[in-house]
Amino acid sequence: MIVQEPIQVIVWDCLNNYAYDNAIFLAERLHAEVASEETAFLLGTCYYRAGRVNEAHHLLQNMSLALPQARFLLAKCSIDLKSFKDAEKALGSNLDIVASEFGEQAPYALQLLAKIYHITERRSKAAEAHRKALSLNPFMWKSFVQLCNMGEKIDPHTVFQMNNTDFTFGVTTLVNLVSNSENISFVNSNIPNNTAINSNVTPNNATRTPMTMSTSITPETQAPIKRMHSVFSGMAPIPFSPSFGMLPMEESPVLYTPTLTDSNEQKAIPKIVNSLRAQMGQLKDAVFSPAPRCTLGPAPRRSSRLFSNNNSSYSVKENNKSPSRKFVAPKSPSRKNKQRAAKNIKSNSVEPNERNKGVETVTSTIPPKNSNGIALLNLMRELGEAYKSLAFLDCKNAIKLFQDTAPKQLASPWVQTMIAKAHYELAQYEAAAKMFAEIRKQYPNRTEGMDIYSTCLWHLQREAQLSALAQELVELNRKDPIAWLAAGNCFSLHKERETALKFFKRAVQLNPDAAYAHALLGHEYAVAEETDKALASFRAAVSIDPRNYVAWFGIATVYARQERWKPSEVHIRRALTIHPHSGVLRCQLGLAQAALGKMDRALATLERAVALDTDNPLCRFHRASVLLRAGRPDDALVDLHHLKDIAPRESLVYYLLGKVHNMLGNSHLALMHFSWATDLDPKGTGGHIKEGFDPSKQEDPPEKV
């Protein structure tokens, strides 16, 4: 006969120390002996942490689950296996009911529910679930990030604060313990058991810091608690296994330990309640910061946790739970200890009605406020404001806000990555690449943001650096989609289209939910002139992330190649609603307007594009081409001479200069620039020279770039 409770303790200890194989073996033995929901949950947890998701899902799916923790685990397994209907069924669809049923686990359950809603394109409900999760626990940073990425208007100053009445995370267990202290009963004092009260350890989060509280009373003998309080918020203790989810505390001075007999058993209850009340004022410091009474470390041995305490002088056989077991009588306390105990007992004596009043007051007025917690929320508020600006592509403001953070946070790789991304969105590829290179140097095993870094190197035409980056990332982790995106960019830069497409497909295969991977694959298809496949990839990207302006821009460029200018203009405007500060997007819009005959609007759009991005040669080139078509060659000549200085080896600049001089009647200068264009790109401009001297084609639009 296997005793259930000690085995559970050992299994959680194995899980906390990452010994998953050992934990699975023991949990399987326990479940074979006691096939209950709680043992199935424990075994499923072992399977899930060991990466055996299918086994965990099959185990829990075939049971009728009542425990919120088991339902939560089943939902996680179902999401990992893309069975979103089963996951939603396990969690429930009513947000208020989910918040009440899952207790302190509710914010995480709501996050899972929001993920299901987002994947199934119910984005309004996903936003509602994320907001509910943040209202229950303001430290749910991922929910805030998802709301920003979805384009939701959310105020960090409202989210990251303590005065939210819904926020009860971290204190529910101990508050419930005090509230229900009237119901605690004790066994006969002839059966001693040295057990401290566990207030904050749960099986669904076994790594949570145990909270040990003690008084100045020196324990002589200890009274065991017959019915332990359930750590599952709002739930009664589970029948037939009262210690499931409740692990005894480490060896430490207990809360209150007078010697109990049959005659004074009831008198001791008010004293324990008052002792609890005396310690409640220290809860604020214990919730967010490790106080002297909080310990974090490996769980104590089975013998010390379940049956003994170092402060006791009893000698009890470990597994003897018979009421008739014998033990050595305790030594008589010293006079000094007797005086100290009498003094403390006297000071803790109060009337029953005052006791009840005090418990109610503590329960209702216990805010989890602490200087460390408030400082953390202040930091999250600052970073939240900066991240919100970046998510809405107000990149200059985002850079300023990130740079105003504390020096230690500013030097962290995440903040540096966010600043580099902001430079990338501003088309400041040189600054972004420099920051990414520094991050790569200090954190060579970090891959976050390296896909953006590879795209920066692609724009800068740095073949050697991009090749080295791709090789390092692939060697680091061949199952990371970011590594294959970098490899795809590398071969795209080398004009090896088939290999680039192969690597982009590999990235999509590893992470089908990566919108950026679909967008890059679409651009490569577009360059290879496989327009149908390009459109399919771009549409897959916008279905995953409707705010992915790169994909909307890609659809617009495909339609422009097909000379379908009206849908091109529609899609480029959609991209501009997401990123209104992009000069490249406005250039594309200007070209579409010019092709539709809206010359005045096209020139105004291109003027604004140049103003937004003065250092981008593409904006000036397109403005010069539209000016030439509008019959303003002198104005176009100014832009082209500027481009000739900053891009002296660009053949299209010389080709357009030749067309301008041909329109102005400078035939010798036109011939000279056409000749230079031919020397720079013999294969690409030969036909254009003939077109430049053909009077019948003088009014045709210039070739697409």
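Over residues 583-616 the chain is 79% helix and 0% strand, with the end C-alpha atoms 8 Å apart; helices (H or I, at least four residues) and strands (E, at least two) are DSSP runs, numbered from the N terminus. Residues 481-514 are likewise 79% helix and 0% strand, and their end C-alpha atoms lie 9 Å apart.

The model is predicted, local features need pLDDT of at least 70, and side-chain atom pairs count only at pLDDT 80 or more, whereas totals for chains, interfaces and linings use all residues. Residues are numbered from 1 along each chain as its sequence is written, and side-chain values use heavy atoms, with hydrogens and water left out.

The mean pLDDT (the predictor's confidence in each residue, from 0 to 100) of the protein chain is 75, and 67% of the residues reach 70 or more. Over residues 170-265 the pLDDT stays under 50, and the model has 231 contacts beyond four places in sequence for this stretch, a contact meaning heavy atoms within 4.5 Å. The pLDDT is also below 50 over residues 340-369, a stretch with 37 contacts beyond near neighbours in sequence. Where pLDDT is low, the predicted coordinates should not be read in detail.

Helix 26 (residues 497-510) packs against helix 27 (residues 515-527) at an angle of about 160°, the axes being 9 Å apart. Axes are lines fitted to C-alpha atoms, for helices over the stretch in contact, and angles run from 0 to 180 degrees between N-to-C directions. Helix 26 and helix 27 are therefore roughly antiparallel; angles under 35 degrees count as roughly parallel, over 145 as roughly antiparallel, 65 to 115 as roughly perpendicular and the rest as oblique. Residues in the contact include Leu501, Phe504 and Val508 of helix 26 and Leu520, Leu521 and Tyr525 of helix 27. By class, this contact of helix 26 with helix 27 has 10 nonpolar, one polar and three charged residues, where Ala, Val, Leu, Ile, Met, Phe, Trp, Tyr, Cys and Pro count as nonpolar, Asp, Glu, Lys and Arg as charged, and the others, Gly among them, as polar.

Helix 35 (residues 651-663) and helix 34 (residues 633-646) have axes that come within 10 Å and cross at roughly 150°, which makes helix 34 roughly antiparallel to helix 35. Among the residues that meet are Leu637, Leu640 and His641 in helix 34 and Leu656, Leu657 and His661 in helix 35. The contact of helix 34 with helix 35 has 11 nonpolar, two polar and one charged residues.

Helix 35 also packs with helix 33 (residues 617-629), at an angle of about 20° and with the axes 11 Å apart; helix 33 is therefore roughly parallel to helix 35. The contact includes Phe621 and Leu628 of helix 33 and Val653 and Leu656 of helix 35. Its residues divide into eight nonpolar, one polar and one charged.
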